[in-house]
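Open the model in your viewer and keep the selection tool at hand. The stops below say what to select and what is there.

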Amino acid sequence: MKDIVVIGAGKIGSTIARMLAHSGDYRVTVADRSDEQLAAIERHATVSTAVVDIADGSALRALLAGKFAVLSAAPYHLTVAIAEAAADAGLHYLDLTEDVESTRQVKRIAENAKTAFIPQCGLAPGFISIVANDLASRFDSLESVRMRVGALPQYPSNALNYNLTWSTDGVINEYIEPCEAIVESALIEVPALEEREEFSLDGVTYEAFNTSGGLGTLCESLKGKVRTLNYKTIRYPGHAAIMKALLNDLGLRHRREVLKDIFENALPTTTQDVVIIFVTVSGRKGGRLIQETYANKVYSAPVAGSLHSAIQITTAGSICAVLDMLADGSLRAEGFVRQEEIALDTFLANRFGHYYAQENHGARAA
């Protein structure tokens, strides 16, 4: 059994711990500064908890010493501190961050590391890059790669058509920070919440708009190889207009804590959600212009006998699959590892990656 530390005892961290514990191959220590959060962690013979403040560097390094890997399910602003502690302690590092600048810092930290540093191991960034790179690899030359992902309530009942299903800090960060894209073969930054579009899937209409971080490192990997590359978040129609009013007209982009307080006291959470994954790649094969699409919907489902939301399942399942592949030697175990280095077939064949599998959720390639 390998010893793992999970930083963060929230919805995703607790799901990661549950998945790993019930696999029978990992001993897990869940660390958080909140006694209340830790008290809610499922009791299991291979799961323990530790009260640790990430700001206390010596306590964090002591916790990590001798472990196989640390998985960060903490807010994005703690990413760099955890990565630096992992480098000092000499263990593998994986995270779920969507923050672009944090990932750049992790890449810098990994330059001289003898262990693997694998950021952005969630749904988007994460699995979405694995899918996009797999589709892109089938073409002789690329024209466009368009990636769309959303975690939505199945039964929206408010003006935003949205429920809290993930980190509030992470959602706000995605709506505010600049977004990377490739436009006419040039790597540029575009503003969040812009370039809105509508599309239909299975008879339901959605909107999609720019958000930050979902591309992960794919812009770097495909620069010079594709004319158009972008990532947009999927919501029900009307969401973007209200968010732009809140952030821009009311100035809440400069008062994130106020917006977070509003969200967390006005928007209920739900386990009745759906994760939509929609990737379209066009390019040339044998001289012909061809398009291939991957579309998938993942719904809430039981994990080890307990119901979990779709965003919990996809995010936790993804990072657990990457950890599993690292542990069994399927992934490079040194330096900075990009999500697009992971083969889609290998990911889906993994016991944790299987949560995304076609037979489970009706994914289809067209």
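Select Cys 179, Glu 180, Thr 211, Leu 215 and Tyr 231: of the 13 residues that line the second largest cavity, these lie nearest its centre. A cavity is a set of points, on a 1 Å grid over the protein atoms alone, where a 1.4 Å probe fits but cannot get out, and lining residues have an atom within 4 Å of a point. The volume here is about 70 Å³, a volume being the space filled by probe spheres set on the points, with grid points joined across faces, edges and corners. Strands β8 (179–183) and β12 each supply at least two residues of this lining, and the largest share, three residues, comes from β8. Helices (H or I, at least four residues) and strands (E, at least two) are DSSP runs, numbered from the N terminus.

This is a predicted model, in which local features need pLDDT of at least 70 and side-chain atom pairs count only at pLDDT 80 or more, while totals for chains, interfaces and linings use all residues. Residues are numbered from 1 along each chain as its sequence is written, and side-chain values use heavy atoms, with hydrogens and water left out.

By class, the lining of the second largest cavity has six nonpolar, six polar and one charged residues. Ala, Val, Leu, Ile, Met, Phe, Trp, Tyr, Cys and Pro count as nonpolar, Asp, Glu, Lys and Arg as charged, and the others, Gly among them, as polar.

Next, select Leu 123, Ala 124, Trp 166, Glu 174 and Ile 311, which lie nearest the centre of the largest cavity among its 18 lining residues. Two or more residues of that lining come from each of β7 (141–153), α7, β12 (228–235) and α11 (310–327). The volume of the largest cavity is about 240 Å³, and its lining divides into eleven nonpolar, five polar and two charged residues.

Stay at Ala 124. A cis peptide bond joins Ala 124 to Pro 125, with omega about 5 degrees. Pro 125 is in the loop between β6 (116–118) and α6 (127–136).

Now go to Leu 193, in the loop between β9 (186–190) and β10 (197–201). Leu 193 is not a glycine, yet has a positive phi of about 70 degrees. Most residues other than glycine have a negative phi, and most peptide bonds are trans.

For the largest pocket, select Gly 10, Gln 37, Ala 73, Pro 75 and Ser 167, which lie nearest its centre among 36 lining residues. A pocket is an open set of points with protein on both sides within 12 Å along at least five of seven lines. α1 (11–23), β2 (26–32), α7 and α10 each give two or more residues to the lining. The volume of the largest pocket is about 1000 Å³.

Finally, show α7 (residues 168–176) with α10 (residues 256–266): their axes come within 10 Å and cross at roughly 125 degrees. Axes are lines fitted to C-alpha atoms, for helices over the stretch in contact, and angles run from 0 to 180 degrees between N-to-C directions. That angle makes α7 oblique to α10; angles under 35 degrees count as roughly parallel, over 145 as roughly antiparallel, 65 to 115 as roughly perpendicular and the rest as oblique. Residues in contact (heavy atoms within 4.5 Å) include Ile 172 of α7 and Phe 263 of α10.
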